[in-house]
Amino acid sequence: MNPLWTRRSVKWFFLVGFGVPWLGWTLRAVAGVSNSPIATALFYTGDFMTVGGFVATYVAAGRPGLISLFKRYFQVRASVPWILYALFLPFVWIGLATVTYGATHGGVGRIAPAGLLMYVSGPALIAMTTGPLGEEAGWRGFLLPRLLGRYSPIAASLILGVIWSAWHYPLYYNRVFASIGGAANFTISCLCFSVLLTVLWAFTRASVFWAIILHWSVNVTPGVVGAVFPDIPQPDGGVGQWLRVGFLVITTVAVIAMVGAGRLREKLAEARSTLDDEAIDADRRP
């Protein structure tokens, strides 16, 4: 089992998955373009994280590995509780944070259940084409199963979360990463998301499809919650954002406690055992 960080496949993963987005996002920042076809094209270079996952898997395992990852990308079968987890878990912490913020800033006001239709709105569906489809073949398709072979489930998730946060730097350098508080808030969120996605990955037999769905739900649920609670002002920083992160941390700890560390390790081992074709423990010559 050759060292993880020196494998050819991992080098290709970073070359494509980091190199192309960082180049595109840096050009976008330097050019100062926005709201133009060029800006949109450069923004979408982030989707090369998924391309990097497929390229690296091919380097690791050739055509059989590529086919295996492609199948996981469309692996829809899952039990109902985990389908609901992927779709609606973000509503738990974002909803709690929003209601708490509203209760301490003038009241909750109206509740509009029709706001849930935002999940199937045009902007929500377009959001699928960015991070969810554009990243998950890299993060949960290629990198996570290899990290799990070297580190405990929580450690592997946290390592991936730090890398995931840093990957966004050229895109958000002048917003999220412009302050220590913003960077800390975003990174803690990535760490928690990573843990929650690892749990989902374990209980859906390494499905990339359901990782895509949870990633998408994380991205669009703030807008849905805003539509369901239209009278609560949406916090854009400060106390509101830290409330959201606080409830996210609580939700993450609760999920791990309910699943149980032993059960999680067992399910992760089962999921990894199905990935022999992808050469996750050592690269094969394609």
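## A threonine between two helices

T45 lies in the loop between α3 (37-43) and α4. Helices here are DSSP runs of H or I with at least four residues, strands are runs of E with at least two, and both are numbered from the N terminus. T45 is buried, with a relative accessible area of 12%. Buried means under 20% relative accessible area, exposed means over 50%, and partly exposed lies in between (1.4 Å probe, protein chains only). Not counting residues up to four places away in sequence, T45 touches V20, P21, G24 and W25. Contact means heavy atoms within 4.5 Å.

This is a predicted model, in which local features need pLDDT of at least 70, side-chain atom pairs count only at pLDDT 80 or more, and totals for chains, interfaces and linings use all residues. Residues are numbered from 1 along each chain as its sequence is written, and side-chain values use heavy atoms, with hydrogens and water left out.

## Inside helix α4

T57 is found in helix α4, which covers residues 48-73. T57 is buried, at a relative accessible area of 0%. A polar atom of its side chain lies 2.7 Å from the backbone oxygen of G53. A polar contact is a pair of N or O atoms within 3.5 Å; within protein, one must be able to donate a hydrogen and the other to accept it, and residues adjacent in sequence count only if both atoms are side-chain atoms.

Which residues does T57 contact, leaving aside its neighbours within four places in sequence? They are G62, G65, L66, L69, F142 and E278. E278 returns below, as the partner of R72 in a salt bridge.

## Salt bridges

How many salt bridges does a search of the whole structure find? It finds six. A salt bridge is a side-chain nitrogen of Lys or Arg within 4 Å of a carboxyl oxygen of Asp or Glu. Side chains of opposite charge can pair when their charged atoms come close.

One of the bridges joins R72 and E278, with the closest N and O atoms 2.8 Å apart. This pair links distant parts of the chain: R72 sits in helix α4, E278 in the segment after α13, and 206 residues separate them. R72 counts as buried, at 3% relative accessibility. E278 is buried too, at 0%.

## Pairs along helix α13

Helix α13 spans residues 261-273. R263 and E266 meet there in a salt bridge, at 2.8 Å from N to O. Both lie in helix α13, three residues apart, about one turn of the helix. R263 is partly exposed at 39% relative accessibility. E266 is partly exposed, also at 39%.

E270 and K267 form another salt bridge, their closest N and O atoms being 3.2 Å apart. They too lie three residues apart in helix α13, about one turn of the helix. E270 is partly exposed, at 30%, whereas K267 is buried, at 17%.

T274 is in the segment after α13. Its relative accessibility is 36%, so T274 counts as partly exposed. A polar atom of the T274 side chain lies 2.7 Å from the backbone oxygen of A271.

## Two cysteines, no disulfide

A search of the whole structure finds zero disulfides. A disulfide is a pair of cysteine sulfur atoms within 2.5 Å. For C190, the nearest cysteine sulfur is that of C192, 9.6 Å away. C190 is buried at 3% relative accessibility. C192 is buried as well, at 9%.

C190 also gives a sense of distance to T274. The two residues are 84 apart along the chain, and their C-alpha atoms are separated by 27 Å.

Most residues other than glycine have a negative phi, and most peptide bonds are trans. R205 has a positive phi of about 55° although it is not a glycine. A206 has a positive phi of about 70°, and it is not a glycine either.

Where is R205? It is in the loop between α10 and α11 (208-228). A206 is in the loop between α10 and α11 as well. R205 is partly exposed, at 45%, whereas A206 is buried, at 0%.

## A nonpolar patch

W22, Y169 and Y173 make a nonpolar surface patch of about 300 Å². Patches are made of residues with over 30% relative accessible area and no salt bridge; like charges are joined within 9 Å, and nonpolar side chains (Val, Leu, Ile, Met, Phe, Trp, Tyr) within 5 Å. Accessible areas come from the Shrake-Rupley method with a 1.4 Å probe, and for residues only the protein chains shown count as cover.

Y173 is in the loop between α9 (169-172) and α10 (180-203). Y173 is partly exposed, at 34% relative accessibility.
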